[in-house]
Amino acid sequence: MKSICLDYSNVDKYINNQELQRKIEDNKQLLETCMKSKATDSDSMGWINTYHSNDEDMLKKIEDKAAEIRENADVFILIGVGGSNQGARAVIKAMGDNKVDILYAGNNLSPAYLNNMMDKIKNKSVYVNVIAKNFATLEPGITFRVLRQYLEKTYGEQEAAKRIIATGSLNGSSLEKLGKMKGYTLLPFPLDVGGRFSVLTPVGLLPIAVSGVDIRQLLLGASEMEKSIHTASLNNNGVINYALIRNILLEKGYNIEILGIFEPLMEYFNKWWVQLFGESEGKIGKGIYPSSCSFSEDLHSLGQYIQDGQKILFETFINIEDMESSYPIPLENEDIDEFNYLNGKDFSFLNKSAYDATVKAHYEGGVPVLVLNVPKLTPYYMGQLFYFFEFGCYLSATILGVNPFNQPGVEAYKTNMFKTLKA
Ligand code: PA5
C-alpha cells in the first residue's frame, strides 16, 4: 500500500538542505529519544502506540454498538468539545455516510444552537454519546444534563439508558459514576491520552463507526504510519523533516502556518489540526500560530493576504492525488457565458489546475510551501494523516521546548467565568 508523503521542494528558496541536515544533527539526541518513545514513558504518551488496532474485544464492542445505533437511530448526538469531538467530526464530515444524522452538541453554550437542535430531534429516534475525559468541562457537562433529561422524559429511564453511551475516564470520574448508576454503556477514555490525541481510541472510534466508516482501516493506516516513522532513519524521515522545517521557518520569522486544502470535505480535518497544534505548541510565549484555509473558496478571501501581505506565513497543503470523483463540464453550443474553452474538461481537472497554480503563485510570492501528498481520501489514509500529525506535533513541540500535552492557558477564562457563575 502507498503512503502519504511530504514534499518540501517548495521551501528551497527559504531553507537549504544543509540547514535542514544541520538541524537534524543539532537535535540528534532529542530526535533519537522521541523516536524511541513508548506509551509507558509518561502518563500522556498512550497515543504513540496504536494499540487499539489489536484490541479485538474493544473493537468488537464498538462495532456492535455502532451497528445497533445504525439500525435503530435517526439521530446520533455526539456531546463533546475540543479533543473529545474534533477527530471524530473530521472523519465523519469527510467520509461518513448519511444513514444516521449525526449532530454535535456540548461544544458551545449558545441557547439558539440548543433550541435549534432540540427542535430538530423532535419525534426522531435519538441516541447520545457523551464524551469527556474528566467530565468537568462546562459545555459537554451541562448539555448532557439537557439531553439526558430529554431522553428520560421521552423514552423512560430504562430505555434512555440503552440509548446513552458514556465515553470517559474509568477511574472514578463523575461520568463513570453516573453511567454505572443509570446503566449506560461505558467506553474508556484512556487515562494516558489527551483529548486532541484521542481520535484513534474509543473516543473517536464509536462515532466514526456510527457514520459507517471502517474503523479497522483507519487504525491500519495509523499503525502502518507508526511503523514507517519508527523504522525510517533520522535523515530520511518525512515527519522529522516536517517538524524541523516548521521550527526553522519559525526561527526565520514565519510565525503562522496555514493548512491548505482543495477539498471542502476536509474542512473539519483542518479544525482538528488547528486544535492539535494550537493547544500543544502555543505556550510560554512560543509556538507557530496554526490557521487553515479551504481553497479554492478562500483564494477569494485570505488568498489576497497570503500572496501579498506580510511575509510571516507558510503553508502546508494536503494534496489528495486522486479524489475518485468527477463531474464533466456540460457542453453548450453557443458560448454566451464564454466558458466554452472548458468543453470536454472535468471539475477534477479545474480543481487540480487551481491547486497547481496556487502552489506556484504563493511560492513565487514569498510563501514557503510544504505539500503532504495523500494518494486517496480513504479511512486508511486518514489514519495515516492522524498519526503523522500527532507524531509531528509531539516532535515539533519537543524541539521548540514546550510540553505538548498540557493546556494551562485554557484555565484563565474559566477562572473568570466560574467567578461569575458561582457567585
Ligand atoms: O485536547 C484536550 O485535552 C482538550 O481540548 C480537551 O479535549 C477538551 O478541553 C475537553 O476536555 P474533556 O474531554 O475533559 O471535556
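In the predicted model, an oxygen atom of the ligand lies 3.4 Å from a polar backbone atom of Asn134, a polar contact being a pair of N or O atoms within 3.5 Å. Of the 380 Å² of accessible area that the ligand has on its own, the protein covers 87% (Shrake-Rupley method, 1.4 Å probe). The ligand is surrounded by 13 residues, the closest being Ser84, Lys133, Thr137, Arg196 and Gln275 (a heavy atom within 4 Å). This shell comprises two nonpolar, eight polar and three charged residues, with Gly counted as polar.

The model is predicted, and local features require pLDDT of at least 70, side-chain atom pairs pLDDT 80 or more, whereas totals for chains, interfaces and linings use all residues. Residues are numbered from 1 along each chain, and side-chain values use heavy atoms, without hydrogens and water.

The ligand sits in the largest pocket (more than half of its atoms within 2 Å of the grid points). Pockets are open sets of points on a 1 Å grid over the protein atoms alone, with protein on both sides within 12 Å along at least five of seven lines, and lining residues have an atom within 4 Å of a point. The largest pocket holds about 850 Å³ of space, a volume being the space filled by probe spheres set on the points. Its lining numbers 33 residues, with Thr137, Glu279, Gln407, Val410 and Lys414 closest to the centre. Among the elements, α16 contributes the most to this lining, with three residues.

Key:
Polar contact = N/O pair within 3.5 Å; in protein donor to acceptor, adjacent residues only side chain to side chain. 1 Å grid on protein atoms, 1.4 Å probe; cavity = no way out; pocket = protein on both sides within 12 Å on 5 of 7 lines; lining within 4 Å. Helix = DSSP H or I, 4+ residues; strand = E, 2+ residues; numbered from the N terminus.
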